[in-house]
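Subject: Structure handover

Hello,

Here is the structure for you to look over. My notes follow below it.

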Amino acid sequence: MLRSKIAGMGKYLPKNVFTNNDLTKFMETSDEWIQERTGIKERRYADRTGETTTTMAIEASKIAIERAGITPQDVDFIIFATLSPDYFFPGCGVLLQREMNMKEIGAMDVRNQCSGFLYALSVADQFIKTGMYKNILVVGAEKHSFGLDFSTRGRNVSVIFGDGAGAAVLQPSEDNSRGILSTHLHSSGAHAEILAQYNPGTHANHWMNEQVVADFDEAEIGEMFMSHSMIDKAQLFPTMDGTSVFKIAVDKFPAVILEALQANNLQPTDIKLLVPHQANLRISQFIQKKLRLTDDQVKNNIQKYGNTTAASIPIALCEAWEEGRVKDGDLICLAAFGSGFTWASALIRW
Ligand code: UT7
């Protein structure tokens with residue numbers, strides 16, 4: 001069976017470091033609270049006007065493409081995962097295609113938030129396996145800092161997230177015992193609203209039991225998508241019931257990892273490195289304990305970069321590879337959980 005492999009990886013983190021103490025200038029919070037609840041010490045924020053989700057993705061992609069031994073013109077498909085696109089539409093994939101002078105190849109954006117990179121990887125894997133494409137660029141990138149509520153009102157969400165980008169080039173593996181062994185994708189919309197950004201959108205309160213979004217009574221047609229009331233009531237920011245998300249995350253993360261291991265007749269002890277989506281250090285530690293993994297078996301870097309949503313797995317995997325923690329023949333497990341809810345895993349024999 002033809003398998004796909006990750007032939008090259010790249011990452012880009014903006015230079016601007018924002019510590020927990022820096023956040024206290026804008027909101028009532030503390031370094032102690034943030035570190036205790038999330039493990040985060042600092043995060044990176046993109047240059048406000050000089051960098052976008054796509055420009056950061058381009059920097060990561062250049063490195064991934066070079067490490068894969070190809071040029072941008074060799075890429076024959078782009079899959080771009082983000083929840084913070086440059087434009088509401090079109091997606092970031094086409095901007096990346098244009099700015100990197102790629103051929104007129106297919107470009108697809110994936111909107112699966114924290115699981116976005118694994119969904120994208122899974123789609124790319126299928127295209128490689130069928131022989132349809134030979135060089136697929138898979139990207140996860142976020143510029144969260146542009147869309148967060150930095151007042152005390154938004155502190156439970158805003159302290160968590162950071163900006164950055166990661167990229168991988170997928171190619172057919174010459175050795176069919178190596179490469180992506182399997183991917184596992186799940187969703188449950190039962191709790192779609194507890195980690196979400198409702199506006200701008202076309203919902204017109206359709207799914208809301210109470211008045212959680214703008215008051216449309218007096219709204220003109222067209223104002224329902226984006227209204228002054230939404231701005232006045234700070235309803236253009238993400239919202240999260242963190243405690244409920246935490247409880248479901250610590251159930252689904254281990255389950256989807258075990259599902260991948262069972263599908264390949266493997267055990268947690270076989271994992272060389274688990275790279276979980278960097279949601280919260282406490283969640284990673286919970287998964288590690290549940291699966292009885294050693295510190296050496298788990299990659300965490302949320303302390304430095306915060307939660308970068310679709311970018312977190314490719315950034316962490318790339319960093320682990322750069323640190324020499326990912327070697328030929330190693331069993332690497334990737335796992336994610338987030339808004340949707342969607343959750344996913346992938347097993348790779350490197
Ligand atoms: O990648 C996307 C998936 N997202 C996640 O995986 C997030 C999962 N959830 C979490 O990581 C945690 O729930 C949080 C870190 C977001 C919050 O931790 P928590 O222990 O669940 O705190 P909480 O929301 O229950 O809030 C506890 C208290 C509240 O004060 P009172 O009501 O007890 O007086 C909050 O107002 O902490 C307060 N609080 C803060 N205090 C200082 C909330 N945010 C902050 C803050 N600084 N940034």
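Start with Pro 200. This proline is placed in the loop between strand S9 (195-196) and helix H7 (228-232). The peptide bond that joins Asn 199 to Pro 200 is cis, with omega about -5 degrees. Keep in mind that this is a predicted model.

Pro 90 has its place in the loop between strand S4 (77-81) and helix H4 (92-99).

One more backbone point concerns Arg 292. Its phi is near 55 degrees, a positive value in a residue other than glycine. Arg 292 belongs to the loop that runs between helix H9 (281-290) and helix H10 (302-305).

Now the overall layout. The protein is split into domain 1 (3-173), domain 2 (179-190 + 240-349) and domain 3 (198-236). Taken over C-alpha atoms, the centres of domain 1 and domain 3 are 29 Å apart.

By domain, at least three shell residues come from domain 1 (3-173), and at least three from domain 2 (179-190 + 240-349).

In total, 21 residues surround the ligand. The closest are Thr 29, Arg 37, His 277, Asn 280 and Asn 307. By type, the shell holds ten nonpolar, eight polar and three charged residues.

- Thr 29: a polar side-chain atom is 2.7 Å from a ligand nitrogen atom.
- Gly 242: a polar backbone atom is 3.0 Å from a nitrogen atom of the ligand.
- Asn 280: a polar side-chain atom is 2.6 Å from a ligand oxygen atom.

How much of the ligand does the protein bury? Taken alone, the ligand exposes 940 Å², and the protein buries 71% of that.

In the shell, begin with Thr 29 and Asn 280, both among the closest residues.

Best wishes

Terms used
Residues are numbered from 1 along each chain as its sequence is written. This is a predicted model: local features need pLDDT of at least 70, side-chain atom pairs count only at pLDDT 80 or more; totals for chains, interfaces and linings use all residues. Side-chain values use heavy atoms; hydrogens and water are left out. A residue is near a molecule or strand if one of its heavy atoms lies within 4 Å of it. A polar contact is a pair of N or O atoms within 3.5 Å; within protein, one must be able to donate a hydrogen and the other to accept it, and residues adjacent in sequence count only if both atoms are side-chain atoms. Accessible areas come from the Shrake-Rupley method with a 1.4 Å probe; for residues, only the protein chains shown count as cover. Ala, Val, Leu, Ile, Met, Phe, Trp, Tyr, Cys and Pro count as nonpolar, Asp, Glu, Lys and Arg as charged, and the others, Gly among them, as polar. Domain bounds come from an automatic or database domain assignment. Helices (H or I, at least four residues) and strands (E, at least two) are DSSP runs, numbered from the N terminus.
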